[in-house]
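Please look over the sequence and the 3D view first, then read the points below.

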Amino acid sequence: MFAIDTIFHRLQRGCQTMRYPDGPAPALPDRHGGGLRVDSAKCLPGCSDCVPVCPTRAITRPGKGRLKLDLGNCIFCAACVEACPAKAITQTGDHRLAARRREDLQLGPPGAEQVRLAAALDGKLLRLFGRSLRLRQVSAGGCNACEADTNVLGTIGWDLGRFGIQFVASPRHADGLLITGPVSRNMELALRKTYEAVPDPKLVIALGACAIAGGPFSGLPPVHHGASGLVPVDLFIPGCPPHPLTILDGLLRMLGKLEGKAGA
Amino acid sequence: MAANYLHNGAALAQTVIPLLSWAELRQHILAEVEAGARLAAFFGQPATRERARLVAILAHPGEGNLSAWTANVDKSFNSLTPDCPEAHGFEREIWEQCGLKPEGHPWLKPVRFQPPKSASPGADKTAPIQPGVTDYFQMPGPEIHEVAVGPVQADIMEPGHFRFQCHGEMVYHLEISLGYQHRGVERALLNGPHRRSLHQAETLAGDTSIGHATAYCQALESLAGVQVPARAQALRAIALELERLANHTGDLGALAGDIGYLPTAAGCGRLRDDFLNLTALLCGSRFGRNFLRPGGVGYDVDEARAGQLHDRLQQAAKDAASAVALLWNTSSVRARFENTGHLAREAALDLGLVGPAARACGLARDVRHEFPAGLYRFCQIPIATFHTGNVFGRAQVRWLEIQRSLAFVQEQLKALPAGSIQTQLPQPGASLAAVSLVEGWRGEICHVALTDASRRFAHYKVVDPSFHNWIGLALALRNQQISDFPLCCRSFNLSCCGHDL
């Protein structure tokens, strides 16, 4: 009987993989808020109400200068959005957050109100990894939520494998690392060794506020300030944790797989 | 009820906590544990360079209350572990953090490879720490071999180091060494609450954000002496059960995946995503970040949203029943789940296991039932137990809990109490002690907060259920094939970051 049950169950389910990126991106939850936009020109003179409410000190206003928000260290609690009297910091509702350079996550000055989205890899790397990317994941002192939502990408709804992206067991089989966590001192050696074990050329992806800048743990003595102090990082994906759609967008963007797609 | 007894989620003045000699306290703990109490927390608070104060929190399930006890200790104390095995991890932790040696501890070694607290006796903060470098149990014999795995694992999962003593495929002993995820959260909470404390509580274990945030908020509220509005209590319980649903469903899918049974792996993987999205419907975050606030919750659920949650749960319940039924009806699945990873009821009892791992051994332990707080004082969920103590039992308990949580959440959504969702939270009281227990999806979460005269946290202790349960996994691997390790490990699905703090 069970064989028939299994087949019936399978037939009933049909294909559950989303059409994205060929179709539009699935909607974020209505209370999610997405990315942030910072218009420092709107700041009231002398106001710095948003600075003390930020739990990770991601917002600074040096002297009387312009407001700066480091989206890399942001945990998207939106306390600053609520605190701002001039609506200089707003939620965009956009799931796209990944950047190739750390400075592209600094928001505030004119022309840099929003994150500068990641560009695709250059010629040779794109030829090497564009159709097949094998990643080794290294957890280094985080909270396991980034890992959980990376795992979700492997489920049938998202089906990461259809893009040629796969997580492998050995760094020797990998083209790069996906790092989560601020890098605890107790994981430093293991991370370095894993990085060295990946053959050149290799990519490093820093996933989540911790891996980019320490997140909720930034400044604590047992941890570093993210991965980029220890290994060169090629892609930063902000969030605490990033929505699976944000992670997928970052990976596809880096591999140039969103160009001309409805979900871009 | 004596002055040093309190209910879950209550606070008492530190002055009423008895200060005993260690010999008296040791005797008292042994007698209470013999009578059915459990050691919910046991930790050291460094006082001066020469001494520390040991604090023991006993949970009395028969009476439904907790009690607090202290003793001052210099340099060393007579270990509890030989007579009360559930103290083994706590005593190793006290030795590592405070430098107090539990004399006679059978296997004294670091828990997390962290530097000692500054005021600890014999504290040497300059000594380099090498995680994982310590003594391991070794079996002699010409055909015995040792397998070492980690800290970097072969899958997307947290780091830990595992040493197996094997004869051929057979595992005789497994030893687990953790600490790689140590971030120093307990210490960061000192002198708090800070602006960041709630977020650090949420990330003690990211898959248990609601559980740990509830424990943190409950502790803070009892220190401040406020009652959370009924509506907020109901919403907190709904979020906690949604967290349980997502993780239990994900675990059943992953268990199926580990034995290569793809229909349930695919179905439950997808369902877990759906349950996370239901939490996101509450607050925007799939892990419930920012949902709880000290004094209540940050987001309300209006009738339309409650209706939407209810309907989506109804569909998820149907899908879960169809995906999970395949597991129990497929003989090859049963053959792999049954007789794998057995843990004896006595071992679970002696080692103080909690959560589904304990309930699968027939122990009726559940904070929601034994020490109810919040909504669980009024609406109870029956305890789900099973008797086999193996992978099958742990899967069964999860499935029973999924069904009961689904029914519970649907019922609560139809009867949300009216009123506000947040109450004003005054500063914590001075020199108080609060104990807060929450039944997270992995089991009992215990937070203990002590305030000083200036109303700040003088000490904050977190006990994640994984802290009790890792030793259970090690024992369940005995006389198993090493290839069954992933399956056994998943059936416990313990947290490294919750353990390592």
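The model is predicted. Over all chains it holds 13 aromatic pairs, while a search of the whole structure finds zero disulfides.

**Aromatic pairs**

- A pair of aromatic rings is described by the distance of the centres and the angle of the planes.
- One of the 13 aromatic pairs is formed by B:Phe90 and B:Phe467, which are tilted, with 5.2 Å from centre to centre and 45° between the planes.
- B:Phe90 belongs to helix H2 (residues 88-98) of chain B and B:Phe467 to helix H14 (residues 465-476) of chain B, so this pair ties together parts that lie 377 residues apart in sequence.
- B:Phe90 counts as buried because its relative accessibility is 1%, and B:Phe467 is buried as well, with a relative accessible area of 11%.
- B:Phe162 and B:Trp470 make another pair; their ring centres are 6.2 Å apart and their planes stand at 50°, so the pair is tilted.
- This second pair also links distant parts of the chain, with B:Phe162 in strand E10 (residues 161-167) of chain B and B:Trp470 in helix H14 of chain B, 308 residues apart.
- B:Phe162 and B:Trp470 are both buried.
- Through ring pairs, B:Phe162, B:Phe164, B:Trp470 and B:Phe485 are linked into a cluster.

**Charges over rings**

- In chain A, the charged end of A:Lys202 sits over the ring of A:Tyr195, 4.1 Å from the ring centre.
- In chain B, B:Arg163 lies over the face of B:Tyr136, at 3.9 Å from the centre of that ring.

**Cysteines**

- Zero disulfides are found over all chains.
- A:Cys74 is in no disulfide, and the nearest cysteine sulfur, that of A:Cys80, is 6.2 Å away.
- A:Cys74 is buried, with a relative accessible area of 9%.
- B:Cys497 is in no disulfide either; its nearest cysteine sulfur belongs to A:Cys143 and is 6.1 Å away.
- With 0% relative accessibility, B:Cys497 counts as buried.

**A sheet in chain B**

- Four strands of chain B form an open sheet in the order E2-E14-E15-E16, with antiparallel pairing.
- Strand E2 (10-13) and strand E16 (457-463) of chain B stand at the edges with a single partner strand each, so one side of each has no neighbour in the sheet.
- From one strand to the next, the twist averages 15°.
- E2(B) and strand E14 (residues 432-440) of chain B run antiparallel and are joined by four bridges.
- Between these two strands, B:Ala10 stands opposite B:Val435 in E14(B).

**A helix in chain A**

- Helix H6 (residues 188-197) of chain A has the buried residues A:Ala190, A:Leu191, A:Thr194, A:Tyr195 and A:Ala197.
- The exposed residues A:Leu189, A:Lys193 and A:Glu196 are carried on the face of H6(A) turned away from its buried side.
- A:Tyr195, one of the buried residues of H6(A), has the charged end of A:Lys202 over its ring.

Terms used. Residues numbered from 1 in each chain as written. Chains lettered and ligands numbered in written order. Predicted model: local features only at pLDDT ≥ 70, side-chain atom pairs only at ≥ 80, totals over all residues. Heavy atoms only, no water. Phe/Tyr/Trp six-rings, centres within 6.5 Å; stacked < 30°, edge-to-face > 60°. Buried < 20%, exposed > 50% of the residue type's maximum accessible area, 1.4 Å probe, protein only. Lys NZ or Arg CZ within 6 Å of the ring centre and 35° of its normal. Disulfide = S-S within 2.5 Å. Pairing = 2+ DSSP bridges. Axes fitted to C-alpha atoms, helices over the stretch in contact; angles between N-to-C directions.
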